[in-house]
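Dear colleague,

Please find below the structure that I am handing over to you. My notes on what was found in it follow directly after.

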Amino acid sequence: MSSTPQTATEQAIPVLKRSDTVIMGRQDFLSVLLRSISGELYKIRRRAMPKILLLIAIIIMIIAFSFSVLAVAFSPSVSCTTDSNGKEYCIPKSQAAIQKQKEAASESLRLPSSLSMSISVINFIGTISLLILTGSIVGGEYATGTIRLMLTRGPTRAQFLLAKIGIVIICVLTTVFLLILVGIIVGALFNLTTGIAVDFSFFTGEWLFHAILYVLIAALGLSVYAMIAVCLATLGKTTAAGIAGALIWWFFESTLGGILIIVGALNKGPIGNLLQSIPDYFIGSNISALRDHQNQYLINGATQATSTTNTHDISDVHAIIVLVVYLVVFIGIAWWVNHQRDITN
Amino acid sequence: MVNNMPLHDSNTVISTTRLTKTFGKLVAINDLNLEVMRGDVFGFLGPNGSGKTTTIRMLLGLIRPTAGRAILFGLDTAYQLPAILLRIGAIVETPTFYPYLSGLDNLRVVAANSGMVLGKANNRRFEEVLNIVELHVYGKLAYRKYSLGMKQRLGIAAALLIDPELVMLDEPTNGLDPSGMIEIRQLIRRLSSLGKTIFLSSHLLAEVQQVCNRVAILRKGNLVKQGDVKELLRERERVEVHIGQAEQTHSAFDVLRQSQDQGATWINNISIEQNKEGNPILLIDAPVARSAEINMLLAHNNLFAAEIHPREGNLEEVFLEATTPTSVPYMPNGIQRFAPAPAQAQSEEEKGATL
């Protein structure tokens, strides 16, 4: 762009009065941004795709909870053992043992476990749905050519990108809260079939605080992957680049993490340690670490907290720093490309 | 090449100074100095690939200039683009909208991004612009079901949404049928009468000649002509003489050429063309006011004209003259045409010559 600054002698030509039927809003940065986000929301509401993706996610959530019901329904009422001759002896279980077994099998249907179960489902189907949606929201503008329309109306390129990020975050939060609500309700309804009463003794102010943190961490995890989709869709100028790139990243990160840990364990010494420590800088590992730390409070209470994954050595501070770095890098690249790019065909 | 720097005053809506855009080694726009005044209906002409759309994109901030400045409404596009865009309604190439939204919903989204308040406050404006482009019946129809002409009309509706001071239309009649083109022409005239400035890029020269008061012509990224349409056409005005016989016409040609050599400097060029009936016509590039002198000159040589009348210039001729490097010289037994001789055209192109 021209580096010649505007001279003082140049004066803006006075604005002509618009028609009385044109009602203009405030033109400060925030008002323009909020209107742009509203425009994005309007588009999302009118599209069939987000509704279809949400419906699929809800169906998968119901299917996931129905497995717990099936586990209860098909839990064995007899205990079988095999003697040294290979002969099997089965004896009926006591009523108390059956009840205990049912309670254990149906635990994920009731709070607080149903919350963890819902988040686990969201981590799978929620991520896929949101990456598809994000790739479409950002890459679609380039694919259909509407980017020209949007960038010649008034909002700056920064406001355009911020509006996209804003709508993606709104979609993430809406998806997470809606699916959690669906999961808890479906779990509670399925739990009625087991006849086991829900014990709300866990429900304290502290539990609620950790539950909110737990949900927000899940939303953060989805947001980081969504920002990969924003970045790649902007770079690739297509919907496919955003969706495929982010999904590949998400899939290979978990696969590669497992491989590195195994290979690292087989190679003792500094190289092995290095390989084992690489997954500590992956998005998924850090999100899991943050989530596990909160899950300990939700399920076991703070005093009995134990880790359930191999991410026990990642601290909250480490995880947050790593995730912030990812966010800064992805949003930064998207911003820079969006700012510098010439909008041609 | 036209290189006079634009004068900037309070009536200058668009002013570019040495605006340049290169894509690698390709110079898409070279030192463009353009000036559009308030109230102008400005025709922006040029062959395909001459840089019209690139210029429009630079004016709208879609493309960053490699060098030079673009000042719109006295504001620099490099620093105050949002304020500028709030005063412009534009169509860049074929308008594109969201296929899953209706025409009306697309306008709502455009309005949200154009600084207009949300909600029902602007419903009357939506109706107005849809009425202007005669899409009010199809407002609720999904955009993907629109014909090309309807899409073009919706683009114009979106451009007019904020009642802009400057309307930039890049090939607005693409995809429109003849009646649609007439409507667009009428719309441009109506907008002009309301004091709007129109920047019209088009290939339809007759269209531009009818509605524009000023034009600029681009060739290979260079501005080759800019000025008042009437003046440009006056430059192309010629005297047409019908004598009848081919032999007499050639004799008249020789008489006039001789006069030219003897000092009749007001005769610029003489050529012979054939009319529809195949009869030869003498075309003299001279002021129409000299028609009587031409007649006298011929009569002194016993050559009597059946008809003498002015032939008005048209934008097509101006365009072709400006965008082709040279014209074919006169051929005594043939007809002069304004098309370039290929070899010469190539040679002029190589020199980078401009008219």
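I begin with one pair of residues: Ile14(B) has Val36(B), in β2(B), as its bridge partner. This is a predicted model, in which local features need pLDDT of at least 70 and side-chain atom pairs count only at pLDDT 80 or more, while totals for chains, interfaces and linings use all residues. Residues are numbered from 1 along each chain as its sequence is written, and chains are lettered from A and ligands numbered from 1 in the order in which they are written.

The sheet of chain B

Strand β1 (residues 12-23) of chain B is joined to β2(B) by eight bridges, and the two run antiparallel. Strands here are DSSP runs of E of at least two residues, and helices are runs of H or I of at least four, each numbered from the N terminus; two strands pair if DSSP finds at least two bridges between them. Five bridges link β1(B) to strand β4 (residues 67-72) of chain B, again antiparallel, and Ser15(B) stands opposite Ile71(B) of β4(B). β4(B) in turn pairs with β5(B) over two bridges in the antiparallel sense, with Leu75(B) in β5(B) as the partner of Leu72(B). Two residues lie between the strands of this hairpin, in which Phe73(B) takes a positive phi near 55°. Together the four strands form an open sheet in the order β2-β1-β4-β5, with β2 (26-37) and β5 (75-76) of chain B at its edges.

Helix α4 of chain B

In helix α4 (residues 123-132) of chain B, Arg125(B), Phe126(B), Val129(B) and Leu130(B) are buried (20 or more other C-beta atoms within 10 Å of the residue's own; 12 or fewer is exposed, in between partly exposed; C-beta atoms are placed from the backbone). Seen down the helix axis, the buried residues of α4(B) fall within an arc of 130°, so they line one face; the arc is that of the directions from the axis to the C-beta atoms. Just after α4(B), Glu134(B) has a positive phi of about 55°.

The nonpolar core

A nonpolar core is a set of buried Ala, Val, Leu, Ile, Met, Phe, Trp, Tyr and Cys residues joined through C-beta atoms within 7 Å. The largest has 157 residues, and those touching the most other members include Tyr225(A), Val230(A) and Leu200(B). Helix α7 (residues 205-236) of chain A gives the most to this core, with 17 residues.

Yours sincerely
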